[in-house]
Amino acid sequence: MDWIKKTTPVVFLVILGFVVCSCRISMGLAPISSIDYTKVKTISIADFQNRAEYVYAPLATEFNQKLKDMFIQQTRLRLVDSGGDLEISGEITGYNQYNEAVDASGYSSKVKLTLTVKVTYVNNADHKDDFTDQQFSAFQTYDSSQLLTAVQDNLITLMVKDITEQIFNATVANW
């Protein structure tokens, strides 16, 4: 019986070692199953011009780059200047701020910053997926005690990420 007490921890450690080594956790992006890569190999994304009433110069540049990056990183599509199997174009139509909440003194306590883009999508392999002038928007709020210029870059990054994901899902992910 003494030998059982001595070998039990060793046997337990060996079994635990096998279990740990045999288990594997794999994480990654799910493949985009709605893209038929035998028919669709390229994508062209036109630069979105900023046509909003309030123009913040870095906005269009950041939006255009993030949209292209999203498709390059999450699909096997090759980015071309024009005439791609998939074509995305549009413009930034709104960049506005609104008072959202009022505090006890009657002054604004929160400000809502909204970004809106209009997108046209053409799938030259299957035109049933096409859409024209579909609007996508995102917003962020900030405390009215802060200046827009102090929080603008961070808020734009968040809104651009949100809108590019919406466009990606509406075009190739079909969610």
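This is a predicted model: local features need pLDDT of at least 70, side-chain atom pairs count only at pLDDT 80 or more; totals for chains, interfaces and linings use all residues.
**View 1. Strands β4 and β5 make a hairpin.** Start with β4, which covers residues 86–102, and follow the chain into β5, residues 108–123. The two strands pair in the antiparallel sense, with 15 bridges between them. To find your place, look for Ile-92, which sits opposite Val-117 of β5. Five residues lie between the strands, and Gly-106 in this turn has a positive phi of about 95°.

**View 2. Strand β5 also pairs with β6.** Here β6 spans residues 131–143 and runs antiparallel to β5, joined to it by eleven bridges. A handy landmark is Lys-112, with Thr-141 of β6 standing opposite.

**View 3. This is the largest nonpolar core.** It has 40 residues, and Phe-63, Ile-88 and Tyr-95 have the most contacts inside it. At least two core residues come from each of β1 (42–45), α2 (57–74), β4, β5, β6 and α3 (148–173). Helix α3 gives the most, with eleven. In soluble globular proteins, nonpolar side chains tend to be buried together.

**View 4. Helices α2 and α3 cross each other.** Their axes come within 9 Å and cross at roughly 45°. The crossing is right-handed. Residues making the contact include Phe-63, Leu-67 and Phe-71 of α2, along with Val-160, Ile-167 and Thr-171 of α3.

Methods:
Residues are numbered from 1 along each chain as its sequence is written. Side-chain values use heavy atoms; hydrogens and water are left out. Two strands pair if DSSP finds at least two bridges between them. Helices (H or I, at least four residues) and strands (E, at least two) are DSSP runs, numbered from the N terminus. A nonpolar core is a set of buried Ala, Val, Leu, Ile, Met, Phe, Trp, Tyr and Cys residues joined through side-chain atoms within 4.5 Å. Buried means under 20% relative accessible area, exposed over 50%, partly exposed in between (1.4 Å probe, protein chains only). Axes are lines fitted to C-alpha atoms, for helices over the stretch in contact, and angles run from 0 to 180 degrees between N-to-C directions. A crossing is left-handed if the near helix is turned anticlockwise from the far one by less than a right angle, and right-handed if clockwise. Contact means heavy atoms within 4.5 Å.
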